[in-house]
Amino acid sequence: MNRRTKLMDDGRPIFLQIAEQIETSIIDGSLAEEAQVPSTNELAAFHRINPATAAKGVNQLVDDGVLYKKRGIGMFVSPGAQAKLRQRRKDQFSELYLQPLLAEAAKLGIHPAELKTMIDRYEEQR
C-alpha cells in the first residue's frame, strides 16, 4: 500500500494525516532536523488535495514547534523535533495501545504474565 492510499483510507481529517505523515518522516529519520519539508503545493499535488488543506497540516506542525519557516525559502524541520515527537508518541502509546490491549486481555482472561509470554513468543518469531 502506498502512502497516498493509506492517507485517503483514514477517516480522520486529511490535514491531520498530512501532519502525521510528516511527523513520522521526522521520527524515522527520513526527514532530518534542519531539512527542508516538501512545499504545500508539492504535498497537494502528490496527494491530490487542495493546497490549503496541505498548508493547514504543515501550519499545525509550525504551531507545535516541529517545523519553522525561512521566509521566501520554505519550511524546515526544527532542531530537537525528532526527540520532541518521539516523546509525544511515547506519552500517547499507553493510552492508544497498551490500555486497550490490557482491557481486551482482561476480558479474555489473559493474565499479564501470559500476555508477556505471548509478546515474547511473537518477538522470537519476527
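Which residue lies over the face of Phe15? In this predicted model, that residue is Lys56, at 4.3 Å from the ring centre. Lys70 lies over the face of Phe76, at 4.4 Å from the ring centre.

Aromatic rings also meet one another. The structure holds 2 aromatic pairs. One of them joins Phe93 and Tyr97, with ring centres 5.3 Å apart. The planes of Phe93 and Tyr97 stand at 40°, so the pair is tilted. An angle under 30 degrees would count as stacked, and one over 60 as edge-to-face. Both residues belong to helix α5, which spans residues 81-107. Phe93 and Tyr97 are 4 residues apart there, about one turn of the helix. Phe93 has 46% relative accessibility and counts as partly exposed. Tyr97 reaches 52% and counts as exposed. The cut-off for exposed is over 50%.

Helix α5 also packs against another helix. Its partner is α2, residues 14-27. The angle between α2 and α5 is about 110°, and their axes are 9 Å apart. The two helices are therefore roughly perpendicular to each other. The crossing of α2 past α5 is left-handed. On the α2 side, the contact is made by Glu20, Glu23, Thr24, Ile26 and Ile27. On the α5 side, Ala81, Gln82, Leu85, Arg86, Arg88 and Arg89 take part.

Note on methods
Residues numbered from 1 in each chain as written. Predicted model: local features only at pLDDT ≥ 70, side-chain atom pairs only at ≥ 80, totals over all residues. Heavy atoms only, no water. Phe/Tyr/Trp six-rings, centres within 6.5 Å; stacked < 30°, edge-to-face > 60°. Buried < 20%, exposed > 50% of the residue type's maximum accessible area, 1.4 Å probe, protein only. Lys NZ or Arg CZ within 6 Å of the ring centre and 35° of its normal. Axes fitted to C-alpha atoms, helices over the stretch in contact; angles between N-to-C directions. Parallel < 35°, antiparallel > 145°, perpendicular 65-115°, else oblique. Left-handed = near helix turned anticlockwise from the far one by under 90°. Contact = heavy atoms within 4.5 Å.
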